Amino acid sequence: MHKLQHHSLFPIVIIFLIVIAVNAYLQPGFFTFDVFQSNLASFTPLVLASMAQAVVILVGGIDLSLGMAVTLSTVIMAATMNDSPSSVFVGIGLSLVATFAVGALNGITVGYLKLPAIISTFAVSAICYGAALLIMPQPGGYIPSFFYEAYQTNIASILPVSLVIIIIGLVIWGFIQRRKIYRYIYAVGGSEQAAYANGINTKKVKLYAFLISSIFIVLTALVVVSQTATGDANMGRAYTLNSIAAVVIGGISLQGGKGNLIGAVLGALILGFISNIIFFANLSSFYQDLIKGLIIIFALTLSILPTLRKKALA
Amino acid sequence: MQLLEAKSLRKSYGGVMALRDGNLICKQGKVCGLLGANGSGKSTFSKMISGVVKPDGGEIWFDGERLNVANPQEAKKQGIIMVHQHLSLVPELTIWENMTLGSEPESAMGFMKDQQSREIAQTYLSKFSPELSIDEKVKDLSLAQKQFVEIAKAISQKPKLLILDEPTAPLEQSEVEKLFAVMRELKANHTSIIFISHRLWEIKTICDYVVVFRNGETVGAIDFETEAKDENLIVSMISGKEHRHAKDNASASSAIQSEKMLEVRELMLRKSKDRVSFDIKKGEVVGLGGLQGQGQEELLLVLSGLIQPKQGQISLGGKKLKLRHPKHAVREGMVLVPGDRHKEGLFLQHDVLLNLIFPQFATKKTGFFLNMKKLKAEANEVIGQVNIVPNDPGKVVQYLSGGNQQKVVVGKWLPLSPKVLLLSDPAKGVDIGAKKELYDTVRKLAEQGTSVLLYASDHEELMDICDRVFILFEDQIVDELMPSDYSEQRFVAASLRSAKAAGN
């Protein structure tokens, strides 16, 4: 138990259990399969977006273009897809290209040009928004029903597709974990100078981190477009700050180099449950955002408690 | 047989000559001591050999070939590895991850072979600290342990030439012996070592020969295998002057006044440990000795208001103090020169002027608008008093030598005319000349009536400068020595004596 308490994920798991308990109390039929599936389906986009954000924050950066990169990707899909399966592949292919181009642009500006990430990714965000507006000035486009309905189904009637997509994300991360780039992301985020002194190409590591992040951004866009079944240039904005909040609640240091991607997943789920709690508590809509903000501050405080205690000892 | 020869290396930074004429020969399987004051050029010189700095002129011959390396990685490939003073470890990674960082063994498919990395790390780490787990994160290690990880990592890459830049600075005596044992093992395997240190006994113990730098030039070499290990000769080569102790013994104690300055009663520094009580008179210089980690640093931190004691009383000039915050101590005139000057003592990126006037802000004597003219005049006065070189208040502190940085840390307190000056190992990483100046300043302050409480890891240093030395053991004063009864044996005996034995 003592050892468990000192695990870096310990406070997050506690918060996670608390919000589940409150949510289960308020939401009728919380433990039924249908509710589980619908909750999961609505939480999945933020979970994936937070994984994307986590990789960038771990390397010591921050991605303010994330929401708009998701938007651009969904708009491209909605603009190119029709009822033919080939158009679906073209749509996904084009949005892959666009997302990786955005990742490369971020990686080059932050890594090679050494621009401060908080400003340069903000600028890239504007570029993405502009491009999305050019493609689709008004919300619209078309997503074939076989595509978006697939997201609501269950494989072998027990495995929701949304869960499968999260698992795919985790498997990709598991693969990366066994490669050098994984350790270099932590090294560069933890101490860029020390990483450089060990012969690590820190610019390249930053670029790669943004490209890895792009994988998760594409997955996010796929899920978002399946949920909304439309393209809208004003849709993805909220993912940027929500993903950062999830990452920080998940115990990943904004300074980089410290934390765990699982923490980001839990952080995103916690934010999802908090939204649920607000909804099922039957609060007046005027209070919802106010209460949500307070709960997030509370969750953040809990999640940084262990670091505060350590500092007091030093 | 010679492994490396450097001939007439030159380097200047923006018109300032850092190195005028650097020459050195490394013999295979020998330890070469590289000596010189801070700013003598030895640091620039060793950075050239390890590929960090590109020389403006001169030649380096390595293993029979002209060496021309543009970066540390190429030097590493040639077999030259330098262990830097400022550590190149990532705090959030574990020991084993750090030890193979940048050269991870991997499979043909590009997957890391962690098991192999762990074995390499274990093999080399156990030469130094067999009890230390390779799964510890580097941020949780002591400075000494970090230093060991750093050196073990360098050795694991099997260098032909290993450059150790002040590796012993954070180490205790027993740890230094461990390092020396590993260095002897490396020598036996024909590795050449360049060893940089300010401690003469270390040089005399481990080096086969020494090369001395002064003012950017090689001024001479002494081969210990054929010549005597003459300490006075070495010191005069380094400083260019005759060696003299900081304290002029005859006049030393005359400054002490009968008036009590600081009274400490039953102070409990840490939980479930013993208490400490003592008095210090006005103008007295008192040393804190003993083994490392016996509460010396905690005592200084408590007195400067940085940590709160569990119990006990502190009075200054008869007035009882409650120190809940460093500003309380500063306002009472009890100021600290901290152990880590880079982190706790200086604003490295700012100029000397700002660093010198900053403490006045805490005293609230500055008023609503700053009187910069007056502050500048004060700063200039301090620069003269402690002899900061160059005497330019606009100089950015990080470009000063270690000794001059330390003078800034001491000097910033002078305009407050402190009643008690607390110093935590102020001479760490400071060369012999600057150390002497620093201690001269401390003695001068004592003569003007400031009481001084000094912790230093070097015993002889304490005996040179202090009027009395307390030996601490487990947060308790177990013995008190006067310089007249000093002997290394007595010191060590007192340091090792348990608190119980002393109580009887």
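In this predicted model, the contact between the two chains draws 16 residues from chain A and 15 residues from chain B. On the side of chain A that touches chain B, α9 (180-190) and α10 (192-197) of chain A each supply at least two residues, and the largest share, five residues, is that of α9(A). The model as a whole carries an ipTM of 0.85 and a pTM of 0.77.

Turning to chain B, one finds an open sheet of six strands with mixed pairing, in the order β16-β17-β18-β13-β19-β20. Because β16 (334-337) and β20 (476-481) of chain B each have a single partner strand, they stand at the edges of the sheet, and one side of each is left without a neighbour there. Neighbouring strands of this sheet are turned against each other by 20° on average, direction ignored. Within the sheet, strand β17 (residues 420-424) of chain B runs parallel to strand β18 (residues 451-455) of chain B, and five bridges join the two; L422(B), for its part, has L453(B) in β18(B) as its bridge partner.

The pLDDT is below 50 over residues 242-251 of chain B, a stretch that has 15 contacts in the model beyond near neighbours in sequence. It is likewise below 50 over residues 498-504 of chain B, where nine such contacts are present.

Terms used:
Residues numbered from 1 in each chain as written. Chains lettered and ligands numbered in written order. Predicted model: local features only at pLDDT ≥ 70, side-chain atom pairs only at ≥ 80, totals over all residues. Pairing = 2+ DSSP bridges. Helix = DSSP H or I, 4+ residues; strand = E, 2+ residues; numbered from the N terminus. Axes fitted to C-alpha atoms, helices over the stretch in contact; angles between N-to-C directions. Contact = placed C-beta atoms within 7 Å. pLDDT = per-residue confidence, 0-100.
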